[in-house]
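Colleague: I'd like a close look at one part of this structure. Could you walk me through it, and then show me how that part sits with the rest?

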Amino acid sequence: MATINPAYARLSAGYLFPEIARRTREFQSAHPDANILRLGIGDTTESLPPVAVAGMKEAVEKLGDVNTYSGYGDSEGITPLRQAISDLYQGWGADVNMADVFVSDGAKSDSANIQSIFDTDNVVAVQDPAYPVYVDSNVMAGRTGRKNDRGQYEGLVYMPCTAENGFFPEVPKQKVDLIYICSPNNPTGTVASRAQLEGFVQYALEHKAVVLFDSAYAAFIEDQNLPKSIYEIPGARKCAIEVNSFSKTAGFTGVRLGWAIVPEELEAEDAAPGVLHKMWTRRQNTYFNGASNVVQAGGLATLSSEGQKQTNELVAYYMENARIIRDCLVELGLKVFGGVNAPYVWVKTPEGVGSWEFFDQLLTDCHVVGTPGAGFGPSGEGYFRLSAFGHRENIQEATQRIRDRLKL
Ligand code: MLT
């Protein structure tokens, strides 16, 4: 008799973004004439960089010719792409080698899968609010109890990120084993300083903990003083894993390509250097046959100097959107965070208005969809996220509607 993984029963009913899509669909069917503008999920809208299209076309042509056809590749990814990714890091002043790079189908999968190489007894700390994948994947793995009436899963350590601490937490007071940090942060749009990351690296080295660092939005950092990778911090190779992606910079949200950095030197309480690196290799060899060879060719093309120029233009386009959104909300007198060095704008909802209430109000009054802060964790209550990914004219139209119609 088959039985099911009981941990799934502890999960909140639905994953955040499908839930938003469901509510939006309901509103649309009740108001068929409404032209709904979506600033909810951080999904890219502009077309792929021409170099990526050319790279993928060429790879497809090769597959169509028996002399250049290739089948399975290494699950870690093609060597030139791994090399180009490590060169990118070296350019940021981050200590990453080709052998540390594991190409994948995206940072989302990696950030969910990575927990599988750690014991289920590990105590997990998350920023609160946080990208829901970190929490949900650990709930599914059985590392938590049920959600309590404060909206927290028992057994998880929540590190509140509030206006008071500039949306970046202090290191935990108790001993934790796995620490998820996202910078530039999804959802708050704030970026950790070098000193803040040094604090977490120091903590992890002292406690033999591992930091799982999500840098999917690193390319949006314009301020040269802010770290793009945790490997810019000395000691991080011993205590940190990093995930990143082509999704937001090169518009690969549908194409799918990302990577994880698992350094050889990485240690854990019961793992000498090399063990975790080998375990991740083993995990990927078993569960994954490598990212699509066509897609890897596209990703590689975006890391050429022409490709970097084209992706930088895309990033600048979305950052201009972020500025437009920020300006609108500031003008309305709302408290606005993020949207600088990050594509997400994080806004305090008006006094007495909850996150989901604000979602309904924005949808009803302005036909604009955003993401309720509460969906990212209890400390997100009273906040709301607007994504800068979108066509410029839609961002302009959405902000005009917010100015004209939102009753504050
Ligand atoms: C978000 O909106 O938080 C992201 O787009 C979701 C994702 O990258 O999976």
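Which residue in E4 does glutamine 127 stand opposite?

Modeller: Keep in mind that this is a predicted model. Glutamine 127 faces methionine 159 in E4. The strands around that pair are E3, which covers residues 124–128, and E4; they run in the parallel sense and are joined over four bridges. In general, the strands of a sheet pair through backbone hydrogen bonds, in either a parallel or an antiparallel way.

E3 and E4 belong to an open sheet of seven strands, and if you trace across it you read E2-E8-E7-E6-E5-E3-E4. The pairing in this sheet is mixed. E4 (157–160) stands at one edge and E2 (101–104) at the other; each has a single partner strand, so one side of each has no neighbour in the sheet. On average, neighbouring strands here are turned by 20° against each other, direction ignored.

There's another sheet to look at, too. This one is open, has four strands in the order E9-E10-E13-E12, and its pairing is antiparallel. Its edge strands are E9 (336–338) and E12 (371–372), each pairing on one side only. Inside it, E10 (residues 344–348) and E13 (residues 383–387) pair in the antiparallel sense over five bridges. If you want a landmark there, find lysine 348, which stands opposite tyrosine 383 in E13.

And then there's the ligand. The shell around it takes in Phe17, Ile41, Gly42, Lys108, Tyr131, Asn186, Tyr217, Lys248, Tyr344 and Arg385. Sorted by class, that shell comes to five nonpolar, two polar and three charged residues. Domain 1 (11–47 + 307–405) and domain 2 (52–302) both give residues to the shell, so the ligand lies between them.

Arginine 385 has a side-chain N or O atom 2.7 Å from a ligand oxygen, and for the side chain of asparagine 186 the corresponding distance is 2.8 Å. As for cover, the ligand taken alone exposes 260 Å², and the protein buries 85% of that.

How values were computed: Residues are numbered from 1 along each chain as its sequence is written. This is a predicted model: local features need pLDDT of at least 70, side-chain atom pairs count only at pLDDT 80 or more; totals for chains, interfaces and linings use all residues. Side-chain values use heavy atoms; hydrogens and water are left out. A residue is near a molecule or strand if one of its heavy atoms lies within 4 Å of it. A polar contact is a pair of N or O atoms within 3.5 Å; within protein, one must be able to donate a hydrogen and the other to accept it, and residues adjacent in sequence count only if both atoms are side-chain atoms. Accessible areas come from the Shrake-Rupley method with a 1.4 Å probe; for residues, only the protein chains shown count as cover. Ala, Val, Leu, Ile, Met, Phe, Trp, Tyr, Cys and Pro count as nonpolar, Asp, Glu, Lys and Arg as charged, and the others, Gly among them, as polar. Domain bounds come from an automatic or database domain assignment. Two strands pair if DSSP finds at least two bridges between them. Helices (H or I, at least four residues) and strands (E, at least two) are DSSP runs, numbered from the N terminus. Axes are lines fitted to C-alpha atoms, for helices over the stretch in contact, and angles run from 0 to 180 degrees between N-to-C directions.
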